There are 2 protein chains.
Amino acid sequence: MTYEGLYEQILKKRSFLCVGLDTDIRKIPSQLRKSSSPVLDFNRAIIDATHDLAIAYKSNMAFYESRGAAGWEDLARTVEYIRAIDPSAFLIADAKRGDIGNTAALYARTFFEELDFDAVTLSPYMGEDSVRPFLEHSGKWVILLGLTSNPGAEDFQFLRLQNGSMHLYEEVIRQGAAWAGPDRMMFVAGATRAELISGIRRIIPDHFLLVPGIGAQGGSLVEVVRTGMNDHCGLIINASRSILYADDSAGFAGKAREKAKELQTAMSTIFPQIRH
Amino acid sequence: MTYEGLYEQILKKRSFLCVGLDTDIRKIPSQLRKSSSPVLDFNRAIIDATHDLAIAYKSNMAFYESRGAAGWEDLARTVEYIRAIDPSAFLIADAKRGDIGNTAALYARTFFEELDFDAVTLSPYMGEDSVRPFLEHSGKWVILLGLTSNPGAEDFQFLRLQNGSMHLYEEVIRQGAAWAGPDRMMFVAGATRAELISGIRRIIPDHFLLVPGIGAQGGSLVEVVRTGMNDHCGLIINASRSILYADDSAGFAGKAREKAKELQTAMSTIFPQIRH
């Protein structure tokens, strides 16, 4: 997926919504649990109900890995299903990996070749050579953790660095942006801290931000748009639990669509603000 | 596995060697590739050849994940095989994970319950709440990335922090050690930087260090022991490629044993230095 291709999808769907397929087998409606592949059936229903409203799907690997080989099969079939329904959807493996070169190359092959994701989330701690092998796959993206939305973000990301007023997360974003341009790299920027997103925009005016924390984690869409939007939108907003588990009856997919539609409608009304 | 149990194994085997089962299907001897489960057969042969010389086995998840569901099966069978051959071996999932609470809890269940590992490596970037769920599994360990052995360690780990002379990796180790004692937590400390291990020992005199970078990555065993050993050994030294791929003929297991024996012999001669 190219930068322009992604922007076209955003304009066409009037949406920058990402649906997080963090599918917890213990939380899906009981009638689905009798199926031979409950997680895959659930994902298909959610995808059917949301693909015209969302430009991206993000799968958190933990939810699939925790079910071993069966989970990996569900993940692979889910990617195939989205590709068949909507070939232009942007598919994110939320893996938060980070390892030395030869190992990173294996992870890159897993997510980009075995599983055909467009992007993978990476942790910056091990530095550039842990990221570089992912950038060698043309047309694929790295989404680097910058500022996360969990309480533990305070522990290290907010440490102030010597010789300047930067926090660690700002330095991570500054260096990361030098590894790849806005057409190959994005950054995670937690929405529970919308007031900090303006600061991030000063460092990287053009890169997309992947914003978790809307919905179940309580971030404000309006605030994030006000501080984070740029002239190519520049935002992908993720919602997982608030859409997936909006309802646990047989009508779960309809309710999921309602929740996704609420977000897409809000995004759509903001669209005149996008200059293009 | 308890701290004392681990130390007993070290004394009994006169070894603090960890064999890294980073099994690359493209690198294993050609005659094994005809088998229906070449990676599992290779791992079994390596385990048979080294289990009296090694106190730990570390599986880097990328090598298994890159092969999807089949890789996960191989990993699960490998863990079972080690448990059957040597129930007291210390089993490390080299996963370098780090994610928000509910996701971390799923990863913890995967590695500690589904797969019965004793320890998992974690990245510190997302802070304490990304680590805490792993510590809720009694008898299991967290191995936090402190100082890694790759070139990219320079990018962020060596950043100096304001108000003090600490580098980021030192602050990570200092805070991490407050989350759990030496009986539940270890730290990765890259052996290519043995001169820095003395500094780490001043921050955490009692915690075990998991040291990669001996062998293929070129660290010096003697230097690491001189700077890093404490009165309960306090070191687990990993070697992967130098043992696994010492030979690619039918005699690979014998050659792997030779390489492991060389390291164990060197460790054994150092043993009078361990006070106990």
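Start with strand S3 (90-97) of chain A in this predicted model. Strand S3 of chain A is part of what covers the buried residues of helix H1(A).

**Helix H1, chain A**

Select residues 3-13 of chain A, which form H1. Which residues of this helix are buried? They are A:Leu6, A:Gln9, A:Ile10 and A:Lys13. These residues lie on the same side of H1(A), because the arc they cover around the axis is only 100°. An α-helix has 3.6 residues a turn, so residues three or four places apart point the same way.

Now turn to the face of H1(A) directed away from the buried side. Select A:Glu4 and A:Lys12 there; both are exposed.

**Helices H9 and H10, chain A**

Select residues 194-203 of chain A for H9 and residues 221-228 of chain A for H10. The two helices pack with their axes 8 Å apart and at an angle of about 20°. That angle is under 35 degrees, so H9(A) and H10(A) count as roughly parallel. The crossing of H9(A) past H10(A) is right-handed.

To see the contact, show A:Ala194, A:Ile197, A:Ser198 and A:Arg201 on H9(A), then A:Glu223, A:Val224, A:Thr227 and A:Gly228 on H10(A). By class, the residues of this contact are three nonpolar, three polar and two charged.

**Where chain B touches chain A**

Next, show both chains. The contact between them takes 47 residues from chain A and 47 residues from chain B. On the chain B side, step through these elements, each of which supplies at least two residues:

- helix H3 (61-65) and helix H4 (68-85) of chain B
- strand S3 (90-97) and helix H5 (101-114) of chain B
- helix H7 (153-156) and helix H8 (168-179) of chain B

Which element gives the most to this side of chain B? H5(B) does, with seven residues. The side of chain B that touches chain A has 19 nonpolar, 15 polar and 13 charged residues.

**B:Val79**

For the last stop, select B:Val79 in helix H4 of chain B. Is B:Val79 buried or exposed? B:Val79 has 22 other C-beta atoms within 10 Å, and is therefore buried. Leaving aside neighbours within four places in sequence, display its contacts: B:Leu91, B:Leu115, B:Asp116 and B:Phe117.

Finally, draw a C-alpha to C-alpha distance from B:Val79 to B:Arg226: the two are 32 Å apart in space and 147 residues apart in sequence.

Key. Residues are numbered from 1 along each chain as its sequence is written. Chains are lettered from A and ligands numbered from 1 in the order in which they are written. This is a predicted model: local features need pLDDT of at least 70, side-chain atom pairs count only at pLDDT 80 or more; totals for chains, interfaces and linings use all residues. A residue is buried if 20 or more other C-beta atoms lie within 10 Å of its own, exposed if 12 or fewer, and partly exposed in between; C-beta atoms are placed from the backbone. Helices (H or I, at least four residues) and strands (E, at least two) are DSSP runs, numbered from the N terminus. The arc is that of the directions from the helix axis to the C-beta atoms. Two residues are in contact if their C-beta atoms, placed from the backbone, lie within 7 Å. Axes are lines fitted to C-alpha atoms, for helices over the stretch in contact, and angles run from 0 to 180 degrees between N-to-C directions. Angles under 35 degrees count as roughly parallel, over 145 as roughly antiparallel, 65 to 115 as roughly perpendicular and the rest as oblique. A crossing is left-handed if the near helix is turned anticlockwise from the far one by less than a right angle, and right-handed if clockwise. Ala, Val, Leu, Ile, Met, Phe, Trp, Tyr, Cys and Pro count as nonpolar, Asp, Glu, Lys and Arg as charged, and the others, Gly among them, as polar.
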